[in-house]
Amino acid sequence: MPAAGDDEITNLIADIVAASKLPPKARATLVRPSVNSLASLAYERGLLPAALDELLALVTTPSQLDQASLGVHHALEEPGVLSRAYPVLFNLLDTAAIRPQLAHLLALITRRKHVRPFRIQNLLNLSRQTGNDPTLVGLLRVYKDYYPEIIVGEAVRGRASAFKHPDPSWRERMDELQEAHLQQTQERMSRPRDAFRVHKSVGRGQRKTALPSVHTTHATEDSVTLEEIENVQSFVDKMDKLELPNQLVAVLADPLLQKLLLLRPSAESYMRVANWLNAALQEVVDGDADETTLWEMMDVVRDFVVQIKNLPATVLNFFAHFFQLWNGEGSKTCIFQILVYTPLHDFDELYKHIFQPFEAAVADNKPATQLELLNMYTNLVHHWTSVLRSSKNIPAHASRTITSTVQHAGTLALALLQTGPTLSSESAILALYEQNLALLTDEALRSRVRIQLPPSALIYLLVLSQSLATVARLCRIMASYKRGFETAMKVRAGAGTTVDASSYSQDEVNRYNGNLLDIVNLLWRMHAFGVERGDVEQGCMLPAAARERLGRYAAAADRGVVTLAAALSLSYSPVLCLQSSEALRALEVRRIAADEAVETRHAGPASQESLRRLATSGGIRLGFNGYRASVLEALRAKGMPGVEELLKASMPSAAKAIESWAAGKEA
């Protein structure tokens with residue numbers, strides 16, 4: 001059903017079509033208001049195909065409408081047609097009435113192949129005849145870019161036309177529509193935008209920035225400029241002959257120049273970029289430029305770095321200078337996104353010159369900032385993982401840099417959980433270690449990067465989380481560490497790998513075993529906060545006095561039914577009790593569906609004693625280990641296999657119970 005606006009458009013078109021068949025004097029009403037209303041509605045809502053076809057038929061066939069009513073702007077689907085019409089358009093320059101528009105159009109489409117000696121001579125003659133017409137001077141300056149040795153300075157010293165668009169608002173609206181269409185097309189086709197043309201700013205509303213555009217003025221007749229490149233084939237064929245533009249810092253905003261510098265890298269080129277950035281920063285420091293200009297420049301730097309997936313050393317050096325002077329105000333998010341692509345250098349050097357001054361500048365003790373910092377380090381580890389996977393030679397410092405980064409991020413994570421103890425914080429922390437885990441489980445890299453454990457306090461805070469997803473994700477990480485340690489312990493030193501049995505101290509191994517045993521005590525052994533094995537067990541770092549008080553509280557609150565030792569097990573844990581009860585209910589339903597006599601249903605939560613009583617009172621017969629294995633199976637079926645993985649990796653009895661249950665036996 002068409003909207004009210006569509007009906008109005010249809011009616012307006014019908015009125016205009018009817019008016020187009022009558023001479024102006026024979027019309028009962030003026031047609032201009034209807035034309036204005038239609039133009040306004042079409043601008044706001046667009047036109048449906050039927051209405052567009054009817055309108056096109058109206059403006060392309062003879063009618064009684066005047067030229068003002070018929071005027072519409074045209075957009076070319078294929079700009080190449082203008083290049084083919086170049087000789088015709090050029091020969092019309094002596095027509096004064098349309099010269100400004102023609103000169104503007106020619107300035108946009110002119111390429112080296114169009115600049116011929118006879119055209120240069122004609123332009124010079126026409127410019128002298130018209131008293132240095134500004135539009136002709138502007139076109140001559142475009143020609144001069146290609147042949148500066150022929151068109152000398154005197155010929156272009158006059159005032160040049162700025163080539164302003166006749167209807168900027170229409171042009172901006174068209175840009176918005178084309179950009180929206182292009183974005184939809186890219187999303188639908190899943191392919192990047194073709195970027196084999198220099199971005200031109202003549203007559204178009206471009207994003208304002210302090211950066212210069214690509215402009216080459218020192219070209220010769222034998223050289224090729226970037227401005228002449230039209231497509232990928234042209235770029236490939238002429239890449240070795242391409243002249244670099246005047247201002248190489250334009251690389252930050254122009255994809256084509258970025259490709260050229262990537263394929264023809266030059267230390268001198270990037271040094272020129274860094275010098276420009278440092279000069280721009282100094283202008284801000286000296287008060288010669290405002291901060292708005294600085295952050296516009298930073299946005300472009302961000303786009304450049306994200307595009308090439310690399311932070312050039314010269315730009316990194318610029319940030320080392322910048323962070324010493326920066327007070328943390330402005331677009332912090334932009335800097336976070338740039339630093340994600342920091343090169344894999346020695347961590348101590350990176351921290352001293354980049355990360356420490358950056359953290360000092362942005363520090364405000366707010367959880368949001370701490371979360372951004374943590375996400376930055378997570379994405380940085382992801383970037384380094386990608387770099388190492390594609391590298392033939394792994395740097396000797398790679399393991400040390402990554403483990404130091406993860407260790408530092410772990411300290412930030414612990415602070416985040418204290419200032420902002422939310423589920424989003426927990427998820428971000430786990431994402432850090434999961435990203436690190438992706439590197440540690442990579443076939444080619446796991447023997448080159450050692451495991452860096454989270455701080456013990458962080459592990460215990462997460463395992464005691466109110467979120468089951470958090471507990472399951474943590475258990476999966478810890479189980480993967482278990483396999484990593486076991487693999488490393490089997491490798492002798494000097495076996496050709498970076499990580500071997502000598503990579504971990506006994507203290508590290510003991511700490512990990514203590515973390516693991518504490519989690520097993522909570523979930524499986526019903527021995528929460530136990531410290532009988534003082535050389536390994538840490539009791540989740542719970543002080544003895546607090547443990548005793550909690551024990552008395554649990555006994556009093558539940559009248560001695562549940563002890564503190566069992567309060568965080570599969571049956572009683574606040575995050576696991578519902579899953580455990582549902583798993584037991586599902587078992588009872590399946591038994592009933594199989595025509596087994598089930599006279600009594602378990603009230604829950606289940607314990608070894610309650611399951612024994614259930615079997616003698618007409619309920620299902622189920623061993624305690626079988627029940628716990630069914631709970632782990634249910635968690636795995638819901639996409640949370642971490643608890644099962646950890647218990648199987650660390651507890652032989654748990655692994656046996658799970659295997660027996662899977663084989664259809666009672667444990």
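## Salt bridges, aromatic cluster and nonpolar cores

E434 is partly exposed, at a relative accessible area of 30%. Here buried means under 20% relative accessible area, exposed means over 50%, and partly exposed falls in between (1.4 Å probe, protein chains only).

The model is predicted: local features need a pLDDT of at least 70, side-chain atom pairs count only at pLDDT 80 or more, and totals for chains, interfaces and linings use all residues. Residues are numbered from 1 along each chain as its sequence is written, and side-chain values use heavy atoms, with hydrogens and water left out.

**Confidence**

pLDDT is the predictor's confidence in each residue, from 0 to 100. The protein chain averages 81. At least 70 is reached by 81% of the residues. Helices are DSSP runs (H or I, at least four residues), numbered from the N terminus. Confidence is lowest in helix 4 (residues 67-70), with a mean of 53. Helix 21 (residues 456-463) is highest, at 96.

A contact means heavy atoms within 4.5 Å.

**Salt bridges**

A salt bridge is a side-chain nitrogen of Lys or Arg within 4 Å of a carboxyl oxygen of Asp or Glu. By this rule there are 16. Which residue pairs with R473? E434 does, with the closest N and O atoms 2.9 Å apart. R473 sits in helix 22 and E434 in helix 20 (residues 423-440), so this pair ties together parts 39 residues apart in sequence.

R601 and E588 also meet through their side chains, at 2.8 Å from N to O. R601 is in the loop between helix 25 (577-593) and helix 26 (608-616), and E588 is in helix 25, so the bridge ties together parts 13 residues apart in sequence.

The R612 and E609 bridge has its closest N and O atoms 2.5 Å apart. Both residues lie in helix 26, three residues apart, about one turn of the helix. E609, R612 and R613 are linked in a network of salt bridges.

How exposed are the partners?

| Residue | Relative accessible area | Class |
|---|---|---|
| R473 | 24% | partly exposed |
| E434 | 30% | partly exposed |
| R601 | 44% | partly exposed |
| E588 | 0% | buried |
| R612 | 45% | partly exposed |
| E609 | 38% | partly exposed |

**Aromatic rings**

Rings of Phe, Tyr and Trp (its six-membered ring) pair if their centres lie within 6.5 Å; planes under 30 degrees apart count as stacked, over 60 as edge-to-face and the rest as tilted. The whole structure holds 18 such pairs. One is F319 with F323: the ring centres are 5.4 Å apart and the planes at 25°, so the pair is stacked. Both residues belong to helix 15 (residues 313-325). They are four residues apart, about one turn of the helix. F319 is buried, at 0% relative accessible area. F323 is buried too, at 3%.

F323 also pairs with W326: centres 6.1 Å apart and planes at 35°, so this pair is tilted. W326 is buried, like F323. Which residues form the aromatic cluster? W295, F318, F319, F322, F323, W326, F336 and F358 do.

Two arginines sit over rings. The criterion is NZ of Lys or CZ of Arg within 6 Å of the ring centre and within 35 degrees of the ring normal. R119 lies over the face of F90, at 5.8 Å from the ring centre. R628 lies over the face of W524, at 3.8 Å from the ring centre.

**Nonpolar cores**

In soluble globular proteins, nonpolar side chains tend to be buried together. A nonpolar core is a set of buried Ala, Val, Leu, Ile, Met, Phe, Trp, Tyr and Cys residues joined through side-chain atoms within 4.5 Å. The largest core has 133 residues. F319, F322, I335, F358 and Y481 touch the most other members. Helix 22 (residues 468-489) gives the most to this core, with eleven residues.

What does I335 touch beyond its neighbours within four places in sequence? Its contacts are W295, M298, F319, F322, F323, W326 and F358. A second, separate core has 22 residues, including L89, F90, L124 and Y143.

Methods: Helix = DSSP H or I, 4+ residues; strand = E, 2+ residues; numbered from the N terminus.
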